[in-house]
Amino acid sequence: RELGVTAVRYPGGDNAELLRARLAVEDEAAREGDLTEALKLYQIRNGLNPDGVVGPRTLASLNVPVATRIGQIRANMERWRWMPREFEPRRIVVNVPGATLDYYDNDGVILSSTVIVGNLAKRTPIIRAEATAVTVNPVWYIPASITWNEIVPRLRRDPYYLQNQGYVVSGGQIRQPPGPRNALGRIKFEMPNSFGVYLHDTPSKALFARDSRTLSHGCVRVEQIAPLASLALSGDAHTMMDELSSLIETRKTTRIPLGEHIPVYMLYWTAIADDDGHAGFPRDVYGRDPRLLAAFSGAQVAPRVATVALGP
């Protein structure tokens, strides 16, 4: 059933009952209770900023046709066929469209975090890798692609750009030493893979509050990076926090091997069901669903050039 929702800004407006009826299509609980809270729950399920306001992105989500949602479910059922029959009980899972991370232990989520994922030019890939170590105060060795595409043009405008950013040149390689301005932040997860992507911190904390978080060069920036590191190292989100803080204060690069490697999945779910069976549809940020659905029908789709992400 489809209900067009238009000209709604705040749940208490003239179209409040129309909004309530639309939300109730997916969740009967929305027929009663606080409408703003029902809207926030809808926004959370659909990867939107839970501000309780029907802004442009929320309005667009509310008005997606049912046929489109059915197509998304079909595309995600196909992606499930690519998954292992059983996931490891202890694992880290990033959902790229939702820009979220979950840490599982004994198959239960014990930590969730907002993340930042790759932009449209440097897309975060669908991969399985293994976290092998946590590096505190990492050095960022700047990839050649970022050097030529971003740093060289800035150097042409400002010959002191490297000095002002605290970059160091050694043997033709530009690197950024540890410190509060380091693009990798204070903590990085080592997870060898052919795409050169990894989990790391960032000095730009304000970006986590954005509604759209496709902002990186392909790597995944994690808001709750310190608790995640503590969990990976000790099995508890708090046990290692003081030690990590002490290591950060030294500004010395320290690599701490994990006692047991942890699988890291970077996945692409645009249709998700919660434990109660309610569906959520994070935005298809890379436009992958239509291509997958076209493949079902044998349609010819122009190939896209894959990009390799090697930066934060």
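User: In which loop is the place of asparagine 106?

Analyst: In this predicted model, asparagine 106 has its place in the loop between β2 and β3. Its phi is near 55°, which is a positive value in a residue other than glycine.

User: Is asparagine 106 buried or exposed?

Analyst: The label rests on relative accessible area, where over 50% counts as exposed and under 20% as buried. At 67% relative accessibility, asparagine 106 therefore counts as exposed. Alanine 99, in the loop between β1 and β2, also has a positive phi, near 50°, although alanine 99 is a residue other than glycine; at 5% relative accessibility, however, alanine 99 counts as buried.

User: How many aromatic pairs does the count come to?

Analyst: The count comes to five aromatic pairs. One of them joins phenylalanine 87 and tyrosine 265, whose ring centres lie 5.0 Å apart with the planes at 85°, so that this pair is edge-to-face. The pair links distant parts of the chain, since phenylalanine 87 is in the loop between α4 (66–81) and β1 (91–95) while tyrosine 265 is in strand β12 (residues 254–267), 178 residues apart. Tyrosine 265 is itself buried, with a relative accessible area of 4%.

User: What geometry does the aromatic pair of tyrosine 268 and tyrosine 286 have?

Analyst: Here the angle between the planes decides the label, because planes under 30 degrees apart count as stacked. Tyrosine 268 and tyrosine 286 form a stacked pair, at 5.8 Å centre to centre and with 25° between the planes. Tyrosine 268 is in the loop between β12 and β13 (272–273), and tyrosine 286, 18 residues apart from it, is in the loop between β14 (279–280) and α9 (288–296). Both partners are buried, tyrosine 268 at 1% relative accessibility and tyrosine 286 with a relative accessible area of 2%.

User: Which residues form one aromatic cluster, and which charged end sits over the ring of tyrosine 104?

Analyst: The aromatic cluster is made of Trp80, Phe87, Tyr265 and Trp269. As for the charge, the charged end of arginine 91 sits over the ring of tyrosine 104, 4.0 Å from its centre; likewise, the charged end of lysine 188 sits over the ring of tyrosine 198, 4.3 Å from the centre of that ring.

User: How many residues line the largest pocket, and which lie nearest its centre?

Analyst: The largest pocket, in which about 1200 Å³ of space lies, is lined by 47 residues, with Asn95, Thr100, Asp102, Ile272 and Pro282 nearest its centre. The lining divides into 24 nonpolar, 13 polar and ten charged residues. Elements that each supply at least two residues of this lining include α2 (35–45), α4, β1, β2 (100–105), β3 (108–118), β13 and β14.

User: Why is helix α7 described as largely enclosed by the rest of the structure?

Analyst: Seven of the ten residues of α7 (residues 225–234) are buried, so this helix is largely enclosed by the rest of the structure. The buried ones are Ile225, Pro227, Leu228, Ala229, Ser230, Leu231 and Ala232. Just after α7, glycine 235 takes a positive phi of about 85°.

User: How many helices and strands does the protein have, and why is the protein called as compact as a globular protein of its length?

Analyst: The protein has nine helices and 14 strands. Its radius of gyration is 21 Å, close to the 20 Å that the globule rule gives for 312 residues, so the protein is as compact as a globular protein of that length. The C-alpha trace spans about 65 × 45 × 40 Å along its principal axes, and 46% of the 312 residues count as buried.

Definitions and conventions. Residues are numbered from 1 along each chain as its sequence is written. This is a predicted model: local features need pLDDT of at least 70, side-chain atom pairs count only at pLDDT 80 or more; totals for chains, interfaces and linings use all residues. Side-chain values use heavy atoms; hydrogens and water are left out. Rings of Phe, Tyr and Trp (its six-membered ring) pair if their centres lie within 6.5 Å; planes under 30 degrees apart count as stacked, over 60 as edge-to-face and the rest as tilted. Helices (H or I, at least four residues) and strands (E, at least two) are DSSP runs, numbered from the N terminus. Buried means under 20% relative accessible area, exposed over 50%, partly exposed in between (1.4 Å probe, protein chains only). A charge sits over a ring if NZ of Lys or CZ of Arg is within 6 Å of the ring centre and within 35 degrees of the ring normal. On a 1 Å grid over the protein atoms alone, a cavity is a set of points where a 1.4 Å probe fits but cannot get out, and a pocket is an open set with protein on both sides within 12 Å along at least five of seven lines; lining residues have an atom within 4 Å of a point. Grid points are joined across faces, edges and corners, and a volume is the space filled by probe spheres set on the points. Ala, Val, Leu, Ile, Met, Phe, Trp, Tyr, Cys and Pro count as nonpolar, Asp, Glu, Lys and Arg as charged, and the others, Gly among them, as polar. The radius of gyration is taken over C-alpha atoms; the globule rule is 2.2 Å times the number of residues to the power 0.38.
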